[in-house]
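Thanks for coming. Please have the sequence and the structure open while I talk.

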Amino acid sequence: MSALYLGLDCSTQAIKLSVIDEHLSELQEFADVSTVTFESLGDQDGPFLARGADGDSLSVTTPTRLWVRAFDTLLDRLKQANFPFDRVVAVSGSGQQHGSVYWTKGSQEKLSALDERKTFYEQSHDWFSTPQSPIWMDSSTHANCVELEKLVGSQQLAALTGSVAYERFTVHQIRKIAQKTPKVMENTEEISLVSSFLASLLCGRYVPIDWADGSGMNMMSLREKKWDVGISQWAAASLAQDTLADKIRQPVAAHERVGKISEYLVRRYGFSSSCEVIAFSGDNPCSLAGVGLSLPEGEVAVSLGTSDTVFGPLLHPHPSEEGHVFVSPIDPEGYMAMLCYKNGSLTRQSIRDDYADGSWEEFDRILSSTTVGNNGQIGFYFKEAEITPRSHPGYHRFDHEGKRLSEFTSPRDNVRAVVEGQFLSFWNHCEKIGLTGIKQILVTGGASRNTCILEVLANVFGAKVLTSSMGPNSACLGAAYRAAHGYRCLKEEKFVPFEEVVGGIVHSRSVIEPNMEAHEVYQKMLSNYERLEGQVRFQ
Ligand SMILES: Nc1ncnc2c1ncn2[C@@H]1O[C@H](COP(=O)(O)OP(=O)(O)O)[C@@H](O)[C@H]1O
Ligand SMILES: O=C(CO)[C@@H](O)[C@H](O)COP(=O)(O)O
């Protein structure tokens, strides 16, 4: 019986699983029980996107125990489907980036002594010092961002941590809690990211954050790969301890083993007690591992999930005012560049609901029957405060002369405008973060199922768009590959290049070729787009 590797992904809307065998082929027989959406679990712990739960209208949180319940549900469904837990030799995982979990004092002890007759959920009522976890959609920490940039300098902060200050980055969330509710922070024994939180459940004790996901905190020195002491002291605010050193262990490389599977999981589900847990990472870094991007540059990946992200590997980091640089999840010496858009799938979905009868088929029909370039009309749809470019919530529509409109003459043009506007923004901002000369785009995420949307992407960039036979869930597949990679490094007691472990995997890819006449239309629109973006961005 072949050994198995598992990859988990706890992203914004669901927890998912990929299973691969020792030839790294994906097992399909458990696909039906491999996704648990948070919506399907109901509101027992509160909504999974809770707005203003801490009294601040710009905060967005998820109840931490909803993730615990989703994980129980996933494991229980696998057990019912006779999943061969005993064949799993290594597990790794992925989490939506930036989100944080606050473990209350004494929880590690409880985590290491669980009763296998009960679920995690049944035993976790007193594990967290705050019931809500701030997530990446939160934009309540603007004042902290301004303060840190003043303290360090925005360019210097980018050079040090990979990014200027962003509201969702974890250090600002930590400082907000330390300032607003110091008791919560004082009661906190350990702070995890979503990724390291899930890994801690697996190991039955707290485990470190990895370098790639740690790069999304505005707190880790990109070059030293350690928490910056000055920023950590600033984040601690008025706590008795002057840094967070006793609450967040130092980060580790993504291929490192962080522990063995817990005795609880061995007894409850039948995992082998020798099963290794490899550091979990962020969902975008794991997607990079999953789509098989490698240098040379010229290839980027686009994830059309809840957020839209554009990312690619980088040899030499040049962090700037735009986008983010993270440590690579597959090469401890390498880096990746990324742009993130808050208004991704949920915003397209909202336009679908308003203008296309709530149906993707109707959305596609409108997209296919409207003119490329929308006759020069341009739209910016910020259902949520946007990250790229930084903007307040609001919809902005312009006619072909750049005159502001409250609505297009033909309202169905909103369907084309939302998709074109989003992709023109990708194109406009890629150059600025060093993702240049793009010839092919690998797509993943929920909306990568939609060929009509992908055709617009190919035409805007004038580049081939490739979808892969592995489907839209590259983050959990990437995590499974990382489990195999980390396991191999462990066995060989040295770092083995990621390509040596997964390089042989060839996914069949379908290619969408760009229509170069359509691309010319977008080339002409770009300067107008850039000018109008200047009007709608946060000044
Ligand atoms: N046919 C489709 N066309 C466009 N978007 C789609 C389609 N099917 C699903 N989606 C989008 O995919 C999103 C979920 O993507 P997913 O990558 O699973 O999210 P996440 O990983 O952030 O939880 C949904 O919000 C939905 O809008
Ligand atoms: O904030 C970011 C990246 O910086 C987001 O990309 C989150 O990582 C959420 O990912 P999805 O759930 O949309 O995949």
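The chain splits into domain 1, residues 4-279, and domain 2, which is made of 291-468 + 508-538. Keep in mind that this is a predicted model.

Let me start with how the domains sit relative to one another. Taken over C-alpha atoms, the centres of domain 1 and domain 2 are 28 Å apart. The two domains touch: 21 residues of domain 1 are in contact with 18 residues of domain 2. Which elements give two or more residues to the domain 1 side of that contact? They are α5, residues 154-161, and α9, residues 211-214. Of the elements, α5 gives the most, with three residues. Sorted by class, this side of domain 1 has 11 nonpolar residues, nine polar ones and one charged one.

Next, ligand 2. How many residues surround ligand 2? There are 16, and the closest are S11, T12, Q97, W136 and G305. The shell around ligand 2 takes at least three residues from domain 1 and at least three from domain 2. By class, the shell of ligand 2 has two nonpolar, 12 polar and two charged residues.

Now the backbone. As background, most residues other than glycine have a negative phi, and most peptide bonds are trans.

T388 and P389 are joined by a cis peptide bond, with omega at about -10°. P389 lies in the loop that runs between β17, residues 378-382, and β18, residues 394-398.

The next topic is L24. Phi of L24 is near 65°, so the value is positive, and L24 is not a glycine. You will find L24 in the loop between β2, residues 14-21, and β3, residues 35-37.

The last topic is N374. N374 is not a glycine either, and has a positive phi of about 50°. N374 sits in the loop between α14, residues 360-369, and β17. What about its surroundings: is N374 buried or exposed? N374 is buried, because 23 C-beta neighbours lie inside 10 Å, and the cut-off for buried is 20 or more.

That is what I wanted to show. Questions are welcome.

Notes
Residues numbered from 1 in each chain as written. Chains lettered and ligands numbered in written order. Predicted model: local features only at pLDDT ≥ 70, side-chain atom pairs only at ≥ 80, totals over all residues. Domains from an automatic or database assignment. Contact = placed C-beta atoms within 7 Å. Helix = DSSP H or I, 4+ residues; strand = E, 2+ residues; numbered from the N terminus. Nonpolar A, V, L, I, M, F, W, Y, C, P; charged D, E, K, R; others polar. Buried ≥ 20, exposed ≤ 12 C-beta atoms within 10 Å, placed from the backbone. Near = placed C-beta within 6 Å.
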